[in-house]
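Take it topic by topic, and look up each spot as you go.

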Amino acid sequence: MNEAQEETKRTYWVRTFGCQMNLHDSEKIENLLHHNGFRPAAAQDEAELVLINTCSIREKAENRLYTDLGLLRDWKSASPNRVLGVGGCVAQQEGDALLRRFSHLDFVFGTHNLRLVPTMADAARRGQRSARTEEHASLDRFELPARHPDFAGRGNGHAFVTVMEGCDMFCTFCIVPRTRGREISRPAASIVEEVANLARRGVREITLLGQTVNAYGRHDARRSQSEAAGTVPFAALVRQLSAVPGIERIRYTSPHPIFFDADLVAAHAEVEALCPHVHLPVQSGSDAVLAQMRRRYTCEEYLRRVDALRAARPDIAITTDLIVGFPGETDTDFRATLDLMQRVGFVDSFSFKYSPRPGTQAVELGDVPPPDVAQARLAELQELQRELTLAHHRARVGQETVVRVEGESHRRGGKSVYGRDPYHRVVNIPGELAPGLFAEVRIVEATPHSLIGEAISPKTAAAA
Ligand code: SF4
């Protein structure tokens with residue numbers, strides 16, 4: 001095989017399930033692969049290396065992995081050069097059990113071992129199967145190369161930036177503390193440097209990522225080691241990043257309600273780049289259920305945070321996560337959740353039926369509502385959310401906003417693009433605008449899922 005043929009074989013395809021943390025991990029892996037001579041394939045069937053970045057937060061997502069792995073058996077057997085790897089939360093949980101269960105799987109990498117992917121892929125090509133799921137308590141795992149010149153990321157002027165990883169909260173329903181490990185925060189200087197590099201590459205909007213993002217640096221502060229660790233309070237980090245030339249928008253996800261301090265609330269009033277949107281997971285509107293979930297706040301405490309945010313930034317859009325059918329949830333508890341939704345007026349929510357995850361405390365709780373009851377509650381909750389979202393959207397008609405264009409829209413009736421405004425709402429705009437452009441838009445129509453706007457003028461040049 002000559003060099004040119006060899007080069008065309010080094011192609012990859014990554015499938016990602018789950019949260020934004022996973023999406024960003026996939027970007028980190030892709031960047032690493034670029035640094036190691038790989039390039040993206042045009043389609044999965046044409047790739048030499050296929051990676052599946054998995055999610056185990058709900059049973060459905062985990063089962064999807066097993067289906068996909070089964071379907072990839074034929075792909076793998078079609079060529080001896082093909083390599084198949086699995087990473088993410090299921091990989092972290094299952095480790096080499098996945099290798100035993102799927103004989104065509106070459107390697108398994110845990111959430112702390114992204115850096116090993118190129119090496120493991122090369123070893124697999126030489127016939128060595130392996131699983132690496134050890135946890136690393138050091139900051140080494142954040143030491144990843146800057147974006148390769150040929151890797152633009154998928155953001156169109158937007159980039160995710162990890163500020164902390166792991167979670168020490170141990171909500172009783174959640175597997176994340178076991179798949180992502182203990183909380184660890186990056187030094188602020190390294191985050192600022194990454195953001196400055198991204199801004200030089202044309203990024204104008206960043207989303208700071210962490211499982212409990214606003215708990216950033218808290219353990220260092222508690223141990224009086226912030227200076228040694230190079231961390232600062234989360235609000236101070238936001239202020240530092242807002243001073244990076246070129247950064248126009250800052251978002252963060254997901255905050256935990258109990259780490260919402262006065263400084264962060266004040267930042268929403270004072271930092272122009274901080275978007276007027278907070279995704280603030282509440283999970284339930286019943287204090288009894290919240291206690292069973294070990295969420296560590298009551299509804300009143302949650303509402304106090306909402307009130308403080310609204311006092312600081314009256315137009316702020318608040319979205320949330322909700323679980324129905326949690327063990328012990330009565331009809332009264334469920335009605336309390338609907339009541340809380342009305343009181344807050346959530347602009348949007350991600351809502352799910354409780355899914356028991358092996359290894360979490362909630363599986364021991366019992367008294368789970370019957371599936372048909374949980375399903376009916378979910379449908380009722382989602383109907384209420386549709387009404388709340390539509391009411392919010394209707395109130396926006398006639399307003400002007402700025403949309404960062406993300407790509408072509410799939411709406412019928414002529415060409416259009418879509419993007420997000422500062423409130424994180426999807427806005428469809430008829431016409432052609434380049435991805436990455438910040439476009440000034442007037443909202444002309446509301447639908448249950450998105451807004452429709454007409455471009456007034458493009459605000460700035462397209463991002464790299
Ligand atoms: S705060 Fe709770 S729900 Fe969020 S990642 Fe941690 S354990 Fe899971």
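This is a predicted model: local features need pLDDT of at least 70, side-chain atom pairs count only at pLDDT 80 or more; totals for chains, interfaces and linings use all residues.

**Around Thr 11**
- You'll find Thr 11 in strand S1, which covers residues 11-16.
- Leaving aside residues up to four places away in sequence, Thr 11 touches Phe 38, Arg 39, Pro 40, Ala 41, Glu 46, Ala 47 and Glu 48.
- Gly 37 is 26 residues away from Thr 11 along the chain, yet their C-alpha atoms are separated by 8.7 Å.

**A three-stranded sheet**
- Which order do the strands of the open sheet follow? They go S7-S10-S11, and the pairing is parallel.
- Strand S7 (158-162) and strand S11 (249-253) are the edge strands, so named here for pairing on one side only.
- On average, and ignoring direction, neighbouring strands of this sheet are turned by 25 degrees against each other.
- Helix H2 (residues 20-35) packs on the sheet and touches S7, S10 and S11. The direction of H2 makes about 100 degrees with that of S7.
- Strand S10 (residues 205-209) runs parallel to S11, and five bridges join the two.
- If you want a spot to look at in that pairing, Thr 207 stands opposite Arg 251 in S11.
- As background, strands of a sheet pair through backbone hydrogen bonds, either parallel or antiparallel.

**Domains and where two of them meet**
- At the meeting point, 17 residues of domain 2 are in contact with 14 residues of domain 3.
- Helix H16 (residues 371-396) supplies six residues to the side of domain 2 that touches domain 3, the largest share.
- That side of domain 2 divides into four nonpolar, seven polar and six charged residues.

**The ligand's surroundings**
- The residues surrounding the ligand are Cys 167, Met 169, Phe 170, Cys 171, Cys 174, Val 176, Pro 177, Gln 211, Thr 212 and His 256.
- Sorted by class, this shell holds seven nonpolar and three polar residues, with no charged ones.

**Backbone spots worth a look**
- Phe 170, one of the residues around the ligand, has a phi near 50 degrees, a positive value in a residue other than glycine.
- Phe 170 sits in the loop between strand S8 (164-165) and helix H7 (176-180). Because 13 C-beta neighbours lie inside 10 Å, Phe 170 counts as partly exposed.
- Arg 296 isn't a glycine either, but its phi is positive, at about 70 degrees.
- Look for Arg 296 in the loop between helix H13 (287-293) and helix H14 (299-312). Arg 296 has 14 other C-beta atoms within 10 Å, so it is partly exposed.
- Where is the cis peptide bond? It runs from Thr 253 to Ser 254, with omega near -10 degrees.
- Ser 254 belongs to the loop between S11 and helix H12 (262-270).

Technical notes. Residues are numbered from 1 along each chain as its sequence is written. A residue is near a molecule or strand if its C-beta atom, placed from the backbone, lies within 6 Å of it. Ala, Val, Leu, Ile, Met, Phe, Trp, Tyr, Cys and Pro count as nonpolar, Asp, Glu, Lys and Arg as charged, and the others, Gly among them, as polar. Helices (H or I, at least four residues) and strands (E, at least two) are DSSP runs, numbered from the N terminus. Axes are lines fitted to C-alpha atoms, for helices over the stretch in contact, and angles run from 0 to 180 degrees between N-to-C directions. Two residues are in contact if their C-beta atoms, placed from the backbone, lie within 7 Å. A residue is buried if 20 or more other C-beta atoms lie within 10 Å of its own, exposed if 12 or fewer, and partly exposed in between; C-beta atoms are placed from the backbone.
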